[in-house]
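Please walk me through the side-chain contacts of a protein model, taking each kind of contact in turn.

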Amino acid sequence: FYSVSGEIITSSGEGLKDIPLTIGDSSTISMEDGKFVFPRIEYHRTYDLIPYSKEYTFTPAKYTINIDSDLDTFRFVASPITSVSEPLSKVGKINIIPNPANNYIDIEFETEIYSPYFHIYNLMGNDVITDIIPAYTKQHRINIESLPSGTYFIKIGDKVERFVKI
């Protein structure tokens, strides 16, 4: 295993805290000074290193890296999103399998998506699960074991679908 680290900064060079990042199935959040660390990444594999934010865009948007040693040179420059409301990501058709489900649901996308956040709501409209979907994916598994039995709605980008937890 190797570590991967770097920083997220503003265009003026200040560190940006609390920005979520993913690398493969691992995730972390940038610290007070904008620095981030993934301490145990499996070697001899290729990953996309991607930051996410509803308030910022990043340059570059991602790094594609092959892990063969400790890597610590990744820098993302964050630019505030200037629009008052960003349009929702166009997700296309999604399938929820199985439905009804017990321990997990698999979300299958018609095309690769870049809509990193999903929300699961109960019938009362409460957000019961929010997480990140790795970018450029066509399928994502979500653990729903902790949810009580009932009907739920999942929102990804501009799509909302219903599923039943048994």
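What follows is a dialogue about ring pairs, charges over rings and salt bridges.

Q: What should I know before reading the values?

A: This is a predicted model, in which local features need pLDDT of at least 70 and side-chain atom pairs count only at pLDDT 80 or more, while totals for chains, interfaces and linings use all residues. Residues are numbered from 1 along each chain as its sequence is written, and side-chain values use heavy atoms, with hydrogens and water left out.

Q: How is a pair of aromatic rings described?

A: A pair of aromatic rings is described by the distance of the centres and the angle of the planes. Rings of Phe, Tyr and Trp (its six-membered ring) pair if their centres lie within 6.5 Å, and planes under 30 degrees apart count as stacked, over 60 as edge-to-face and the rest as tilted. By this rule the count comes to seven aromatic pairs. The ring centres of F36 and F38 are 6.2 Å apart and their planes stand at 70°, so this pair is edge-to-face.

Q: Are F36 and F38 buried or exposed?

A: Both F36 and F38 are buried, where buried means under 20% relative accessible area, exposed means over 50% and partly exposed lies in between (1.4 Å probe, protein chains only).

Q: Which parts of the chain does the pair of F36 and F76 tie together?

A: F36 and F76 form a tilted pair, with 6.4 Å from centre to centre and 40° between the planes. F36 lies in strand 4 (residues 35-41) and F76 in strand 8 (residues 71-80), so the pair ties together parts that are 40 residues apart in sequence; strands (E, at least two residues) are DSSP runs, numbered from the N terminus. F76 counts as buried at 0% relative accessibility, and one aromatic cluster is formed by F36, F38, F58, Y63, F74 and F76.

Q: Where does R141 lie?

A: R141 lies over the face of Y104, at 3.7 Å from the ring centre. A charge sits over a ring if NZ of Lys or CZ of Arg is within 6 Å of the ring centre and within 35 degrees of the ring normal.

Q: How many salt bridges does the structure hold?

A: Side chains of opposite charge can pair when their charged atoms come close. A salt bridge is a side-chain nitrogen of Lys or Arg within 4 Å of a carboxyl oxygen of Asp or Glu, and the structure holds six salt bridges. In one of them, E7 pairs with R75, the closest N and O atoms being 2.4 Å apart. This pair links distant parts of the chain, with E7 in strand 1 (residues 2-10) and R75 in strand 8, 68 residues apart.

Technical notes
Helices (H or I, at least four residues) and strands (E, at least two) are DSSP runs, numbered from the N terminus.
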